[in-house]
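Please read the following points alongside the structure.

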Number of protein chains: 2
Amino acid sequence: MRELDVVRAIGGLLPPAPGEVLVPVGDDCAAVRLGGTVWVAAADMLVEGHHFLGGLAAPEDVGYKAVAVNVSDVAAMGGVPRFVLCSGGAPEAEAVLRCFRGVAEACAAFGAYPLGGDTTRAGALTVDVAILGEVPGGRPVLRSGAVPGDLLAVTGELGAAAAGLLALRRGEGGFGRLVGRHLRPEPRVREGLEAALLGAHAMIDLSDGLATDAGHLCERSGVGCRIDLRRLPVSGEVRRLAEAAGEDAEVLAATGGEDYELLVAAPEGTLRELARRLSVPLTVVGEVVEGGGVSFHRGGEPVEGLAGWDHFRA
Amino acid sequence: MRELDVVRAIGGLLPPAPGEVLVPVGDDCAAVRLGGTVWVAAADMLVEGHHFLGGLAAPEDVGYKAVAVNVSDVAAMGGVPRFVLCSGGAPEAEAVLRCFRGVAEACAAFGAYPLGGDTTRAGALTVDVAILGEVPGGRPVLRSGAVPGDLLAVTGELGAAAAGLLALRRGEGGFGRLVGRHLRPEPRVREGLEAALLGAHAMIDLSDGLATDAGHLCERSGVGCRIDLRRLPVSGEVRRLAEAAGEDAEVLAATGGEDYELLVAAPEGTLRELARRLSVPLTVVGEVVEGGGVSFHRGGEPVEGLAGWDHFRA
């Protein structure tokens, strides 16, 4: 059973949603209207040995990242983070405490307030963060709004987190910035908020890799997309590291995952205005088309067989 | 390092609370005012091998219990459950799905709506539930309001969950009701709500055992208490099972944990009215006194050395 099947099966167990629920499970966040405000909510769990290797990431980094990836989900709805609940388990209490230091650091960095949580003993360092964000514009941006003719753009750069992990694994020095992108992602809160205020049609954060996440956006929107690998924003550092590891830099950027950049679908004019408002680069990488599925090409030549991350894939 | 130390250390990491926060971490739930409504929030994580033994509890039971224990935290504030986020991990996707079936069942039973969560691979079945509840009366009941002269009362019965676990471990048949109390606790939502509406001074749910949880309530209230073991509501079944296992039934009831009953501190008249309104028994077990600490006695004879559950105790 693959992760998406689990999510689908769980979706099938849901009771009818109460009136406050604007967006049920299935997007980056759910959305609910409480009082006059639209709130978005999500949770993400990180487990040692599966999401990170204990020797490569300090407990503080794990706690920081657990908050950052949730903040990224909020950003992908056009929300700003407000409150988190955090549960942590580890073989030793000291590791839980160190992990929570990272949680507190990330909360301070992103302006979220920790409402509480739980601590427990567990065989492996495990942290689950649940987040509540506010949508200042009142209109969350969903995965499902892309229409043929929209362009697809990504914030920042791709492949940096995957390259950072490569550097850690290979023990390659001199790639501190990329390692930082792997250990402590920078969720794009301001960028998501601006995209929402400008009326972007659809948005998703890139946690599982562009190939997989563009697929989610297309599936929910009932459209397809074409992405040009040569347009992906890949830094020279990522190229050098990929080359040293014998990997194709653009394929790494399209499939590596964990960049926590935003993928935005919107008309060309909207993206131009968005780019003008942002301090990080916004790069058009493809276009939304009729049909379904994600097709990759390099300047017109089809590239097959790209796929992202599935936690339960055998 | 003990669990309480971890919680204290984490409390020391907190930034100043935003204006909406009425009650920060440290009670059964935090409380925030959003719009015109007071919401309470909490999270609890269950881990196989620590909170339950894989052979004794089905994944469905684990998911159900993860929701129930969070609902109990909401109940202890005088709230009603509204929304949950649930993250689950296991070696196999099938176990996560079965666990989420239990989550969905509990959500239906307690009127909570699942807003989403996360699924992942993990070495041991792990489930973390974060909950949002609404406080209809607008005034959450804290642990900190008990004053000398209050009486202490518990809902339902004590020791049933611990006895149920004993029965499971010893393979004793014929104790299905007690086993059910261990596997699928019945959080006291209606009871907590009525206590809040009647202006109970302090309340806590009995997750770690009366000895430990009464200690929390006393510490936060700056008071002590005296509890008479002979007054604890212990059923004949629990007595029979404790006897067969060579355990003192009242000590089991005072220290066993996981009953998820409510401990309420209030003036005698309030408790009398509360008892009148409830369908489950409400039993006065002791009184709040000046000073600090929890002292147990049997009809006047002091009983020493009772303590509850600490996840990190060596």
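1. Helix 4 of chain B spans residues 160-170, and its buried residues are Ala160(B), Ala161(B), Ala162(B), Ala163(B), Gly164(B), Leu166(B) and Ala167(B). Buried means under 20% relative accessible area, with a 1.4 Å probe and protein chains only; helices are DSSP runs (H or I, at least four residues) and strands are runs of E (at least two), numbered from the N terminus. The cover over these buried residues includes helix 5 (176-183), helix 8 (236-244) and helix 9 (249-255) of chain B. After helix 4 of chain B comes Gly171(B), with a positive phi near 65 degrees.

2. This is a predicted model, in which local features need pLDDT of at least 70, side-chain atom pairs count only at pLDDT 80 or more, and totals for chains, interfaces and linings use all residues. Residues are numbered from 1 along each chain as its sequence is written, chains are lettered from A and ligands numbered from 1 in the order in which they are written, and side-chain values use heavy atoms, without hydrogens and water.

3. In chain B, seven strands form an open sheet of mixed pairing, in the order 8-10-7-11-9-12-13. Two strands pair if DSSP finds at least two bridges between them. The edge strands, strand 8 (202-205) and strand 13 (301-303) of chain B, each pair on one side only.

4. Strand 8 and strand 10 (residues 262-266) of chain B run antiparallel and are joined by four bridges. Asp205(B) stands opposite Leu262(B) in strand 10 of chain B.

5. Chain B is superposed on chain A by a rotation of 180 degrees with 0.0 Å of shift along the axis (RMSD 0.0 Å). This is the relation of a two-fold axis. The superposition is by least squares on the C-alpha atoms of residues with pLDDT of at least 70 in both copies.

Conventions
Buried < 20%, exposed > 50% of the residue type's maximum accessible area, 1.4 Å probe, protein only. Contact = heavy atoms within 4.5 Å.
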